Amino acid sequence: MTRAQEPQTRAPQIREPRTREPRTREPRTGERGAEPVGGDAPGAEAGGGRRGLFTFAVGLCVAMVFGLGAAVNLAVGRLSTSALHPSATQVLWIVDTYLVVFGCLLIPAGSVGDRFGRKGAMLTGLAVLTVGSVGSALAPTVPLLLVARAVTGAGAALVLPSSLPLLTQVFPADQRGRAIATWTAMSSVGGVAGNVLGGLVLQYFDWQMLFAAAAPLAVVGMALVAATAPRVPRHERPLDPVGVLVLVGGVLALLFGIIEGQRDGWLAPVVLLAFGAAAVLLTVFVLVELRREHPLIDPRAFLRPGLRSGALGIVVSFVAMYSVFALNGQYLMSVKGYPAVLAGFGTLPMAVMMFVASRRAAGLAERIGARAVVVGGLLGVAAGLALYSLCGPDTPYPLYALCVLLVGAGSGLSNPLLSTAILSALPASRAGVGSGINSFSREFGGALGFALFGTLLNGAFGPALPASLRELPGEAGEAARRAVGSALALVHERGGPEAAAVDHAVRVAFSDAAGFALRLVAALVAVATVLVVVWYPARRPAEPS
């Protein structure tokens, strides 16, 4: 973007740290980190074939990283009855350990890529992810499985923040919006692909294959990245180990509180302690970073409207999408009676629409303005959730598909422009950190979406059940009030002449509770959209350099 095209309403001037940004060192030919002679590493002027291969490699890696978090939810039942004999809490942490470690390390991993090289960081992450995936499949005990899942999450955290800055390097400056749109589409599609492919794997294999399947994909990604990724100059900026430790501790406490709050109640002592620790550690992080010469993240950067609006918009968009993911399996399998494979394919229209809309977002922004596209997209997400809230046991699949199509279209239109706003708010030397903030916003929104929607759904489902289940004492009654599948299984087990009527009443109660939760999430998205409108730059942010 030229100076004549810059937004007229400028962000507040941010006072930079006292010393200058460390100078980017252009490596000389023959040195470690130098571009190979003869253009072996593609830059912005790389040929279309090599650029296409690297784009495919990044899409594969990004979709795999997000799909790994979604697919394991389908294996909860298999894990519960496996030879590992995990407790209910251990099963849940087998699922969540990957997400927690992944979320905690995204921003520090972006800083590592900026400092030591993004291509190397991505390759190292894929290697670590491969080891963690194989270790998860072969783990003979629950503790070893949890360690392997943590290793997988650490590898994924190294892959994701470096993938977006590298992808923009192989596109000319006027096409980098297209690169961001492609990356955004694959990050959104990954969750749906995880459900679809996870359902197919579990149809024919046991849970171990779900973990092992990621290893060959990571190896293919490694080979393609090694052959086609550009080797860009490193930025000789010192790391901030104190900031990293404090930030990781604060994010860990925050994600732990969100996950445990849904299970144990938001007023449980351990949950309140986690949120208190998160508040203290994140406050300390801000105070420490304000005084550091080379901070991991300068907190004053969040005064820039592009960073604020981009992060908030992505968070609420992923809250909405992961609310749909949380509901999809229960609604299609338990309420509609679909088998697991068809339920996995149920959200495929949303994935297709997200990919198509993401590719059109930049062109539409050129015609009607980025702010209008972002606002229209987020309002489309809210409209899709509101329409979904009207679905019940007798709703035909085409109407359900229309609901998720609206959510997918809205997310696909808004997310690339929100990501551009985040990346444009930081200097090029901090592109890895900017990508880490962008990725963390998605991860945090997903975790919050699962927790918020699950809490709202469970709170409304129990009181809506028929009296015979609502007032049933003991563990069986408690299980029935917490999950529609358990309630329906109990009805069929008890049988009797009224079983069919009670079965239908349970399905209606679940649909009503889900509708209540969806309407509240839709209202949250609509309210957040107002803030995004206020903060988002009046004109399209400049493409990141």
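**Overall architecture and selected contacts of the predicted model**

Of the 545 residues in the protein, 55% are buried, where buried denotes a relative accessible area under 20%, exposed over 50% and partly exposed in between (1.4 Å probe, protein chains only). The structure is a predicted model, in which local features need pLDDT of at least 70 and side-chain atom pairs count only at pLDDT 80 or more, whereas totals for chains, interfaces and linings use all residues. Residues are numbered from 1 along each chain as its sequence is written, and side-chain values use heavy atoms, with hydrogens and water left out.

The protein contains 20 helices and zero strands; helices (H or I, at least four residues) and strands (E, at least two) are DSSP runs, numbered from the N terminus. Among contacts with a separation of 6 or more, 82% join residues 24 or more positions apart, a contact being defined by heavy atoms within 4.5 Å.

Helix α14 (residues 370-388) packs against helix α20 (residues 499-535) at an angle of about 170°, and their axes are 8 Å apart. Axes are lines fitted to C-alpha atoms, for helices over the stretch in contact, and angles run from 0 to 180 degrees between N-to-C directions. The helices α14 and α20 are therefore roughly antiparallel to each other, a label applied to angles over 145 degrees, while those under 35 count as roughly parallel, 65 to 115 as roughly perpendicular and the rest as oblique. On the α14 side, the residues involved include Arg371, Val374, Leu378 and Tyr388, and on the α20 side they include Leu518, Val525, Thr529 and Val533. The residues of this contact comprise 16 nonpolar, one polar and one charged. In this classification Ala, Val, Leu, Ile, Met, Phe, Trp, Tyr, Cys and Pro are nonpolar, Asp, Glu, Lys and Arg are charged, and the others, Gly among them, are polar.

Aromatic pairs number 13 in the structure. Rings of Phe, Tyr and Trp (its six-membered ring) pair if their centres lie within 6.5 Å; planes under 30 degrees apart count as stacked, over 60 as edge-to-face and the rest as tilted. The pair formed by Trp266 and Phe275 is stacked, because the ring centres are 6.2 Å apart and the planes lie at 15°. Trp266 is partly exposed at a relative accessible area of 31%, and Phe275 is partly exposed at 26%. The rings of Tyr397 and Tyr400, with centres 5.5 Å apart and planes at 45°, form a tilted pair. These two tyrosines, Tyr397 and Tyr400, are three residues apart in helix α15 (residues 397-424) and so are separated by about one helical turn. Tyr397 is partly exposed, with 27% relative accessibility, whereas Tyr400 is buried at 1%. Ring pairs also link Tyr397 and Tyr400 with Tyr331 and Tyr388 in a cluster.

Two further residues illustrate local surroundings. Leu202, located in helix α6 (residues 176-204), is buried, with a relative accessible area of 9%. Leaving aside residues up to four places away in sequence, Leu202 touches Leu74, Ala75, Arg78, Trp207 and Leu210. Arg78 and Leu202 are 124 residues apart in sequence, and their C-alpha atoms are 9.0 Å apart in space. His85 lies in the loop between α2 (76-80) and α3 (88-116) and is exposed, with a relative accessible area of 65%. Although not a glycine, His85 has a positive phi of about 50°. Most residues other than glycine have a negative phi.
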